[in-house]
Amino acid sequence: MNDNRRPLTEDTMTGQRKTMIIIGAGLGGLSTGAYAQMNGYESRVFEMHEIPGGCCTAWDRGAFTFDCCISWLLGSGPGNEMHQIWLELGALQGKEMRNFDVFNIVRAPDGRAVYFYSDPDRLEAHLLDISPQDAKLVRDFCDGLRKFRRALAVYPFLKPVGLMGTLERWRMLASFVPFFNVVRKSITTLMTDYSAKFREPLLREAFNYVLYEKHKNFPVLPFYFQLATHANLSAGVPEGGSLGLARSIEQRYLRLGGEVTYNAKVSRILVENDRAVGIRLDDGTEHRADIVVSAADGRTTMMDFLDGAYLTEDYRKLYTETIVEPDMVFPGYVCLFLGLDRPFPEGDPCTTHLLTDEQAADLIGIRDRSINVQFRSRHYPELSGENQTILYVTYFADIAPWRALDEGPEQVSRKRAGQTLHTLPVKHGRSYSAGKRQVRLALLDLLEQRYPGVREAVVARDLSTPLTQVRYTGNYDGTVLGWQPFVDSGETLEKLVKKHGPGLPGLADFYQSGVWATTGGLIRAATAGRQVMQFVCRDDGREFTASVDETAPPPKQVVIPVGPRSTPRPEVTPERRSVSAPIG
C-alpha cells in the first residue's frame with residue numbers, strides 16, 4: 001500500500017491534476033518532464049544552472065570541450081529495456097554509439113597491465129596468459145559473465161516492482177530462473193573477497209578496479225552487469241558527449257510541449273493542508289501547480305525545501321544519521337582536464353593506474369591509491385580540433401580536506417548583465433588555490449612519467465574538486481550519484497520506495513525523482529523519471545503511456561579496437577527498429 005496515494009475521488013479518477021512543477025533539469029528532471037508531457041500533464045522545469053544536464057555536463061576551454069561525465073552509457077545499444085528508455089527520451093537518435101572492445105585497463109606501478117575485455121572468451125584467454133595458476137577462478141568468473149550477457153534481456157527497467165501485479169512479479173522472477181545461481185552467488189560475494197582468491201598479485205589487485213575506482217562495498221554482481229552490457233554493445237559512448245545527451249533530452253521535452261526556466265533557484269516547496277502546491281524561488285516569487293516533483297539534491301529537498309517535515313522515522317534516520325556515515329553516498333571526484341596541442345596515439349581510451357603511497361601523497365582527499373586516465377579524444381573526437389587531444393584524469397575524493405582549505409562560500413548568487421546567476425565561480429581563497437595547484441602538478445608528474453611529452457603539449461587546463469560539484473549542482477558533499485547501492489542507505493531507500501512510492505507519507509502531490517529516488521547512474525536517473533510518472537498516473541487513475549521519438553534515425557553502433565590483443569570485429573549495422581519490449 002502506497003501511503004502517499006491520493007484518495008480516489010471523482011476528481012482524481014478523471015485525472016483532474018493537470019499541472020506539474022519539476023525541480024532540476026538534470027537527466028532525472030528532464031526525463032520526468034518528458035514522460036509527464038507524454039501522459040497529458042502540463043509541466044515546467046525550474047533549473048538553478050544556465051544549461052541542462054546537472055552532473056551530465058561539459059564546458060568549453062578555448063578550442064576544447066571538457067566533458068566530465070559519460071565514460072560509458074548503460075543502454076546505448078539494443079537488446080535490453082534500458083535502451084528503450086533512451087529512445088523514448090530522444091537521447092540517442094541520429095548519433096554514433098562508440099563501443100571499445102576493452103572496458104578498462106588496470107596498470108600496476110611496475111607497468112604490468114590487465115586488459116579487461118568485456119567479451120568473456122577474450123578476457124579468459126588474456127587472464128590465463130597472465131596467470132595459468134588461477135585457471136579455475138578465471139573460468140568461473142568468465143562463465144558467470146557469459147550467463148549475465150543472456151540475463152540482460154530480461155532485466156526489468158520499464159516498470160517499478162512496486163507497481164507490478166502478482167502475475168507480473170511471478171513472470172519477472174520466472175525469467176530469472178535460468179540465472180538464479182549466478183545472481184545469487186554474485187550478489188552475496190564482495191568483489192574484495194572474490195579477488196583475494198587469486199594467486200597472482202596483479203589479478204588480486206586489478207579486479208577491484210574493473211569499474212575504474214575501487215568500490216569496497218560492491219559485490220561481484222555490478223561488475224558482471226557492466227561488463228556484460230559492454231560486451232553486448234550497450235555500454236558505449238554517444239556522439240556529442242554528456243552535454244550533447246542532455247541537450248537531446250531537453251529538446252525532446254520541449255518538442256513535447258514542456259517548458260524549462262533556467263537561472264531559477266528554488267528555496268522552498270510550498271505546502272498547504274498537507275499538499276505540495278508549488279515552489280518559492282530565492283527571489284521571492286512563487287509558482288503553483290497541482291503536482292511538485294523534486295529531481296534536485298535529496299538532502300536539500302528533504303531538509304531545506306521541506307524543513308524536515310513529513311519524515312517518518314525511517315526517512316529521518318536516512319537523511320540525518322545514515323547520510324553522514326562513511327560510504328553511504330558516492331564520493332565526489334577531483335577531475336583534471338588537459339587540452340593538448342598534438343595527438344597521442346599511444347594513449348588508450350581508459351586506464352586505471354595504481355599508485356604507490358608516495359605517488360598518492362600529494363593528491364588531496366584521495367580515497368584510494370589510484371587515478372583513472374582517459375584519452376578523451378578517443379571517446380569524443382568532435383570535442384577537440386584535428387591533431388589535438390583531451391586528457392581526463394580523475395580520482396574519488398573526500399570533500400572534507402577541500403573544505404578545510406576553503407575560505408569562502410560554497411555557492412553564491414550574483415547578477416551579471418542584469419541577470420541573476422547561481423553557479424558562477426566563487427573565491428575559495430589562497431589555500432584552496434594552492435591545493436588545486438599541488439594536485440595539478442602532482443598529476444602532471446605522474447602523466448609525464450607514463451606519457452612523455454604531455455607536459456609540454458598542454459595549451460588548456462582545468463581542475464575541479466567536489467566543491468566545484470557543489471557549486472554547479474548543490475549535491476550533498478559533491479556526490480555525483482547519490483546513495484550507494486548494496487549498503488544500508490541504498491537498501492533502505494529501495495524498501496521505502498517499494499512501500500510508499502517515490503514520495504513522502506502524509507504529503508500529497510509530492511514526488512521525488514532522479515538519482516536520490518534510486519541508486520545508480522544516468523540510466524537510473526532517466527528510469528526514475530519514467531517510473532515516477534507511472535506512480536503519478538496510477539494515483540490519477542490514468543493509463544501510463546510512452547512512445548519512441550521518431551524525429552531522427554536510430555543510432556549507429558561502431559566498435560573501436562583497443563590494446564595489443566585487439567582484432568577487428570564484424571561491422572555492426574545501425575538498428576532497424578528501436579523497440580522490442582512492450583511499454584509497461
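**Notebook: aromatic contacts**

I began with the cluster: Phe116, Phe141, Phe148, Tyr194, Phe198, Phe207 and Tyr224 form one aromatic cluster. I note that the model is predicted.

I then looked up the number of aromatic pairs, and the count comes to 28. From these I took Trp59 and Phe337, whose ring centres are 5.5 Å apart.

I next located the two partners in the chain. Trp59 belongs to strand 3 (residues 58-61) and Phe337 to strand 14 (residues 332-340). The two residues are 278 residues apart, and I recorded the pair as a link between distant parts of the chain.

Are Trp59 and Phe337 buried or exposed? Trp59 has a relative accessibility of 17%, which is under the 20% limit, and therefore counts as buried. Phe337 has a relative accessible area of 0% and is likewise buried.

I turned to Tyr115 and Tyr117, which also form an aromatic pair.

Finally, I looked up charges over rings. The charged end of Arg342 sits over the ring of Phe344, at 3.9 Å from the ring centre. I also recorded Arg471, which lies over the face of Tyr472 at 4.6 Å from the centre of that ring.

Note on methods:
Residues numbered from 1 in each chain as written. Predicted model: local features only at pLDDT ≥ 70, side-chain atom pairs only at ≥ 80, totals over all residues. Heavy atoms only, no water. Phe/Tyr/Trp six-rings, centres within 6.5 Å; stacked < 30°, edge-to-face > 60°. Helix = DSSP H or I, 4+ residues; strand = E, 2+ residues; numbered from the N terminus. Buried < 20%, exposed > 50% of the residue type's maximum accessible area, 1.4 Å probe, protein only. Lys NZ or Arg CZ within 6 Å of the ring centre and 35° of its normal.
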